Amino acid sequence: MPKNSIEIVIKKNEISAENVSSLFIPFINQFFGVNFIGDYENKYLKLSEIHGEVALHAEAILFTCRDNQFPINEDNTTFFSYKLNLPDPELEMIENGSDEETAAANHWILPSREFHDSWNNLYFESGLKENLLQFVETSILFSKCGINPNVISCNRLILLHGPPGTGKTSLCKAIAQQISIRMKDTFKYTHLIEINSHSLFSKWFSESGKLVMKLFDKIRDVVENKSHLVCVLIDEVESIAFARGTASNEPTDSIRVVNALLTQLDQIRKYPNVLVLTTSNLSSSIDSAFLDRADIKQFVGFPDVSGLKQIYLLILRELIEVGLVTENNNELCLITRSMESDLCQEFQRLLEASKGLSGRILRKIPFLAYASLVHLSEKPDLLECVRAMQKAVEKHLIDTKGVQ
Ligand SMILES: Nc1ncnc2c1ncn2[C@@H]1O[C@H](COP(=O)(O)OP(=O)(O)OP(=O)(O)O)[C@@H](O)[C@H]1O
Ligand SMILES: [Mg+2]
């Protein structure tokens, strides 16, 4: 049976595993003895909800209850405690053929404050996130155990592809963050190195392939240390792994870049502590030799109705919590339940109108909607806000007709 899990974001110093369980088990049992667990699904307890000695150590707690296993104990619950590192990445600079330097990559130490909670705020078709995470965990386990790659092939290379704005880049970063939390006892540090693909094209003829090599040399320096896990993110990978042979007049320098990338990927995957995450919204333009190397080619599409609902609920909860929208009698909890209410019906209409919109557009809708409400003398209530969001969706669809 899958276990419950508790993620604890530690404030300052580490606490021992024993202290974690002796401190947090009674706290969680007490807290959810009086609060409804369902209200806290995928949601961190707020600072104001954490009291006593627990508050000295934890700045946020996320409890995930599986199969009604409550109250919790040491046997039915796994604990993940970690500190958040600084949000800002360091720039990896490489010389670009002249005497200039170019910022070739962003480098974070994970878990980073920048990606805190991003995992829980991404919604995809059922099982997509969890399956990807399990795949990544398994592939790292295989390489850690020294599986013979000539017997079982596993390149630790993932490609997420799909339309723009569907959360591919965010998901790659969130996976890296989750892995750093789950593998904390296996790896001392987890790095996320995001390659800036465009910087690898030099204006100097024949330099681009060398830039790829220089960057991978830097990555190799980190990877050499087996106690560090390195997640390499190549966003919009088609820009450096475009299909050779598709254009009749390909500049040879571009071909060199693809060749260099493939060679470097082949070399770096010999290390057991590397994971390569890539994204593309033009998978048909990617070189077939690159595609062959990917263990998983996952399509990421527009959110389904359940995803739409979750994203909108998150947005509405945020508007209520910051005080921009008023809520009467906990009506947000009932928005999808009491079918006969006006609010519920308007929300269904909003979901219907939003089918086929990307997560990126959905997240802009509240802003567009609120702009039409700011002139009101009183703060809008939930019903007014949902109606304004419907109008914003309609306007978006009209404005983008023929543009997309
Ligand atoms: N399924 C989703 N659930 C929640 N938020 C989403 C989802 N899809 C996209 N978003 C939000 O939309 C924004 C854009 O996402 P992101 O940049 O990851 O998309 P992308 O697929 O990489 O786009 P592109 O192909 O243009 O690079 C982010 O703020 C992200 O959180
Ligand atoms: Mg992207």
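This is a predicted model: local features need pLDDT of at least 70, side-chain atom pairs count only at pLDDT 80 or more; totals for chains, interfaces and linings use all residues.
Figure 1. An angle over 145 degrees counts as roughly antiparallel.

**Figure 2. Seven strands form an open sheet with mixed pairing.** The order of the strands across the sheet is β4-β5-β7-β8-β9-β6-β10. Strands β4 (90–95) and β10 (296–299) stand at the edges; each has a single partner strand, so one side of each is left without a neighbour in the sheet. Neighbouring strands of the sheet are turned against each other by 20 degrees on average, with direction ignored.

**Figure 3. Strands β6 and β9 run parallel.** Strand β6 spans residues 157–161, and strand β9 spans residues 274–280. How many bridges join β6 to β9? Five bridges join these two strands. At H161, the residue standing opposite is S280 in β9.

**Figure 4. Helices α8 and α10 pack in a right-handed crossing.** Two packed helices are described by the angle between their axes and the distance between the axes. For α8 (residues 305–321) and α10 (residues 342–353), the angle is about 120 degrees and the axes are 10 Å apart. Helix α8 is therefore oblique to α10. On the α8 side, the contact is made by V305, L308, K309, Y312, L313 and L316. On the α10 side, F347, L350 and L351 take part. By class, the contact of α8 with α10 has eight nonpolar residues, one charged residue and no polar residues.

**Figure 5. Helices α10 and α12 pack in a left-handed crossing.** Helix α12 comprises residues 382–400. The axes of α10 and α12 are 9 Å apart and meet at an angle of about 20 degrees. Angles under 35 degrees count as roughly parallel, and α10 and α12 are therefore roughly parallel to each other. From α10, the contact includes D342, L343, E346, F347, R349, L350 and A353. From α12, the contributing residues are L382, L383, V386, R387, M389, Q390, V393 and L397. The residues of the contact of α10 with α12 divide into ten nonpolar, one polar and four charged. Both F347 and L350 also belong to the contact of α10 with α8.

**Figure 6. The loop between β2 and β3 holds P71 and N68.** Most residues other than glycine have a negative phi, and most peptide bonds are trans. The peptide bond from F70 to P71 is cis, with omega near 0 degrees. P71 lies in the loop that runs between β2 (58–64) and β3 (77–82). N68 is placed in the loop between β2 and β3. Although N68 is not a glycine, its phi is positive, at about 55 degrees. Is N68 buried or exposed? At 73% relative accessibility, N68 counts as exposed.

**Figure 7. The peptide bond from L110 to P111 is cis.** Omega of this bond is near -10 degrees. P111 is found in the loop between β5 and α3 (128–144).

**Figure 8. N329 has a positive phi.** The value is near 50 degrees, in a residue other than glycine. N329 is located in the loop between α8 and α9 (331–334). With a relative accessibility of 74%, N329 counts as exposed.

Methods
Residues are numbered from 1 along each chain as its sequence is written. Chains are lettered from A and ligands numbered from 1 in the order in which they are written. Side-chain values use heavy atoms; hydrogens and water are left out. Two strands pair if DSSP finds at least two bridges between them. Helices (H or I, at least four residues) and strands (E, at least two) are DSSP runs, numbered from the N terminus. Axes are lines fitted to C-alpha atoms, for helices over the stretch in contact, and angles run from 0 to 180 degrees between N-to-C directions. Angles under 35 degrees count as roughly parallel, over 145 as roughly antiparallel, 65 to 115 as roughly perpendicular and the rest as oblique. A crossing is left-handed if the near helix is turned anticlockwise from the far one by less than a right angle, and right-handed if clockwise. Contact means heavy atoms within 4.5 Å. Ala, Val, Leu, Ile, Met, Phe, Trp, Tyr, Cys and Pro count as nonpolar, Asp, Glu, Lys and Arg as charged, and the others, Gly among them, as polar. Buried means under 20% relative accessible area, exposed over 50%, partly exposed in between (1.4 Å probe, protein chains only).
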